[in-house]
Amino acid sequence: CDDLWHYNIPRSKWVKIANFTKAVPTRRWKHAMVDYLDTVFLFGGHGQRVAPPLPGQPRVSHEIYDTVSKYDSNDPLYFDDLWSYNATEREWERLKPFCVTCANQSEPDGSAERDVFGPRGRHSPSLANHADALYLFGGYAYGGTTNFVGIYPTGSTTDYPSLASKYYLDDLWRYNISVNQWDQMLPHPRYPVTPSP
């Protein structure tokens, strides 16, 4: 779905918000959202491509159209975009943060580029706000077809050499709201333990 609703607490009433003048996020599910002052932030999620419109029909600007006739399970649509919704102005804005800690590198098995512009595309992460920043933790990402055998959870951890970094994530990111910037929060070398993915 790509619809947005406001809930009026005193009146106990839902109101659908429409007629946006700016771009809106592509429809998705399993995304993360959190409020901050009069803004709601949205990150990531899982989407679905739609069939292209027939000749003569208009294209919807916020849809992602399929370029192949058959669904490819090796090409899921996991979003890595960050949006803000201003509840006062009732408009969306796509944010394009700078990333301090990102590097253009591949996984050790070469199957996927990782975290070039910020947190990689994922669904079902946790998102919280604290002290003028957002904190994003974990989620599920698609890292490619290599090193994965569909026997989880019955296999041992050695059966999944890249599971922690490519599929069930345990990374922590901070988004600085005032300067529009991502940075990955890495554990202190003396305390390298992180939560399980």
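## Pairing in the sheet

Two strands count as paired when DSSP finds at least two bridges between them. With that in hand, here is the predicted model. Four of its strands make an open sheet, running in the order S3-S4-S5-S6 with antiparallel pairing. Strand S3 (32-36) and strand S6 (91-95) sit at the edges with a single partner strand each, so one side of each has no neighbour in the sheet. On average, neighbouring strands here are turned by 25° against each other, direction ignored.

Take the S5 and S6 pair: strand S5 covers residues 77-86 and is joined to S6 by five bridges, with the two running antiparallel. Tryptophan 83 has its bridge partner in S6, namely arginine 94.

## The S1-S2 hairpin

Strand S1 (residues 4-8) pairs with strand S2 (residues 13-17) over five bridges, in the antiparallel sense. Look for leucine 4 and you'll find isoleucine 17 of S2 standing opposite. Four residues lie between the strands of this hairpin, and serine 12 takes a positive phi near 50°.

## The disulfide

How many disulfides does the model have? The count comes to one. Cysteine 99 is joined to cysteine 102, with the S to S distance at 1.9 Å. The link between cysteine 99 and cysteine 102 is right-handed, with 80° about the S-S bond.

Is cysteine 99 buried or exposed? Buried means under 20% relative accessible area, and cysteine 99 has 11% relative accessibility, so it counts as buried.

How values were computed:
Residues are numbered from 1 along each chain as its sequence is written. This is a predicted model: local features need pLDDT of at least 70, side-chain atom pairs count only at pLDDT 80 or more; totals for chains, interfaces and linings use all residues. Side-chain values use heavy atoms; hydrogens and water are left out. A disulfide is a pair of cysteine sulfur atoms within 2.5 Å. Buried means under 20% relative accessible area, exposed over 50%, partly exposed in between (1.4 Å probe, protein chains only). Axes are lines fitted to C-alpha atoms, for helices over the stretch in contact, and angles run from 0 to 180 degrees between N-to-C directions.
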